[in-house]
Amino acid sequence: MIANANPYDELMEFQRDTEALGEVAGRLGWDQETMMPEGASDQRAVEHAAMSKVLHARMTDPQIADWLDRAKPADAVAAANLRHIRRNYDKTMKVPARLAAEIASTTSKAHRIWAGARRDEDVAAFLPILEKVVALRIEEAQALADGGDLYDALLDNYEPNASGGQIAAMFAALRPGLVELREAVLAAKAPMQLSGEFSEEVQLKLSQELALAFGYDLDHGRIDKAVHPFSSGSGLDVRITTRTSLTDPFNCLYSTIHEVGHAAYEQGINRDYLLTPLGRGVSMGVHESQSRIYENQIGRSRTFTGWLFGRMRDEFGDFGVPDAETFYRVVNRVNTGYIRTEADELQYNLHVMLRFDLERALIAGDLTVKDLEAAWNDRFKSDFGYAVDKPSNGILQDVHWSAGLFGYFPTYSLGNVYAGCLHDALRAAVPDLENDLAKGDTSRATGWLRANLQTHGGLYEPAETIEKAAGSAPSEGPLLAYLSAKFSDLYGL
Ligand code: ZN
């Protein structure tokens, strides 16, 4: 039996169990953020570590090299599976176990120190451990890069085949237009702001209605509450979380739509790819393109907000916004602020570009951790027009660097750039989409995304995935044109 087995089939059987265990590990993480009793955290840490050991042993199993040597792909799907498995195996083998363990323990400590430093507004308390994290990641990048660019080696963990140079060029083309637009918008008359209180129970009810309207399959998912909304899982079990705020229902509703974008991508992948390397979203950037196009280009459009205004009036009665057009302006209001996660569609990318440039300079050795806060504050002032008032509103606001996630930030804006390209193609393919959105019906939009992008999972490389759906290679042009048109109209520029 074994003697006759095909090495590709053997490898895929082994891989299926690794994928399944990876899903179990992910579900432990989901549980920790939603259901786990507080007192269980010490035990959970041991459970996590044990799962990581099992997964690491499987991912470095020498049998994989043997199977990869002998496996002959019969078709494009098999070739793509082998490409993913080979890439992950090579990467895992390049990082010495000693270094991987040191990164895990140092980032876990750094995360705790960062949380305390942020609470106490004490940058000096965080910098020594951040220096260690940066040094360890540089060491890892050296192991991965084979003499190539260090930042690119880290970026590859989140956006395979992307390069920092390419992204820098894209961002450089985007940034002046965004800064100029932001200045013009903030000088113009601002729309009214939402006020009053909104039942959290009703927010959750509407949020479920929105999830269903955007095609989220609750037979293969569920919605729970978490402090920071996220989606997790793939295949037949893709869960999302949301949060509520008594005075800000948009936080709940748009967090839900965002996470539904991520989840719908996972649910939309060809079921034949279940528990294979193709059965997951292909990159963080492509993932974010789905959450962003659901949330922004569709969810914050004039026609869709027109429908949402009606539903909110039904549920909350008169909530102080007189009509649908005003509601559209309230939803898309551009505010001054310091925090990336609270930023509007227009300013969000400026937050990301700042982090991308700084972290790229850190990894290249062109910026030291000691000079990081000054560099952050200078750049913030020049892009946003006002000074950072305290570290928790500046360098200490994000968790990423404490967790060692260098190379992650640019994928947020890459997702927005991809969403811009996809939106142009979607509108061309479904020219009368406005009629649907005005009725709260997103099915032709989400159906187009599913058929042209989501179904492929990991079959193609990330940029290729976007190009197949959008019809041309990703570029920042469509996003900038969309934002200029939308905010010029909204603010009468
Ligand atoms: Zn997201």
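**Close-up views of a predicted model**

**View 1. Histidine 258 is buried, at 11% relative accessibility.** Buried stands for under 20% relative accessible area, exposed for over 50%, and partly exposed for the range in between (1.4 Å probe, protein chains only). The model is predicted: local features need pLDDT of at least 70, side-chain atom pairs count only at pLDDT 80 or more, and totals for chains, interfaces and linings use all residues. Residues are numbered from 1 along each chain as its sequence is written, and side-chain values use heavy atoms, with hydrogens and water left out. Histidine 262 is buried as well, at 10%. Both histidines sit in helix α10 (residues 249-268), four residues apart, about one turn of the helix. Helices (H or I, at least four residues) and strands (E, at least two) are DSSP runs, numbered from the N terminus.

**View 2. Three residues coordinate the zinc ion.** They are His258 (NE2), His262 (NE2) and Glu288 (OE), at 2.1 to 2.3 Å. Along the chain, the donors follow the spacing H-x3-H-x25-E. Donors are N, O and S atoms within 2.8 Å of the metal (3.2 Å for Na, K and Ca); water is not among the atoms, so the site may look incomplete.

**View 3. An open sheet of three strands has mixed pairing.** The strand order is β1-β3-β2. β1 (223-225) and β2 (231-232) are the edge strands, each pairing on one side only. Two strands pair if DSSP finds at least two bridges between them. β1 and β3 (residues 239-242) run parallel, joined by three bridges. Isoleucine 223 has isoleucine 240 of β3 as its bridge partner. Helix α10 lies across β2 and β3, at about 165 degrees to β3. Axes are lines fitted to C-alpha atoms, for helices over the stretch in contact; angles run from 0 to 180 degrees between N-to-C directions.

**View 4. Leucine 181 is buried in the model, with a relative accessible area of 8%.** Leucine 181 belongs to helix α8 (residues 164-187). Neighbours within four places in sequence aside, leucine 181 is in contact (heavy atoms within 4.5 Å) with Leu346, Leu483, Ser484, Phe487, Ser488 and Leu493. Serine 484 is 303 residues away along the chain, yet the two C-alpha atoms are separated by 6.9 Å.

**View 5. Lysine 94 and aspartate 146 form a salt bridge (3.0 Å, N to O).** The pair ties together parts 52 residues apart in sequence, because lysine 94 lies in helix α4 (residues 76-94) and aspartate 146 in the loop between α6 (123-145) and α7 (150-155). Lysine 94 is partly exposed at 32%. Aspartate 146 is exposed at 61%. A salt bridge is a side-chain nitrogen of Lys or Arg within 4 Å of a carboxyl oxygen of Asp or Glu. By this rule the count comes to 37.

**View 6. Arginine 98 and glutamate 102 form a salt bridge in the model.** Their closest N and O atoms are 3.1 Å apart. The two residues are four apart in helix α5 (residues 97-120), about one helical turn. Arginine 98 is partly exposed at 47%, and glutamate 102 is partly exposed at 34%.

**View 7. Arginine 137 and glutamate 140 meet in a salt bridge (2.6 Å, N to O).** Arginine 137 is buried at 13%. Glutamate 140 is buried at 10%. They are three residues apart in helix α6, about one helical turn. Elsewhere, salt bridges that share partners join Lys205, Glu209, Arg311, Asp314 and Glu315 into one network.
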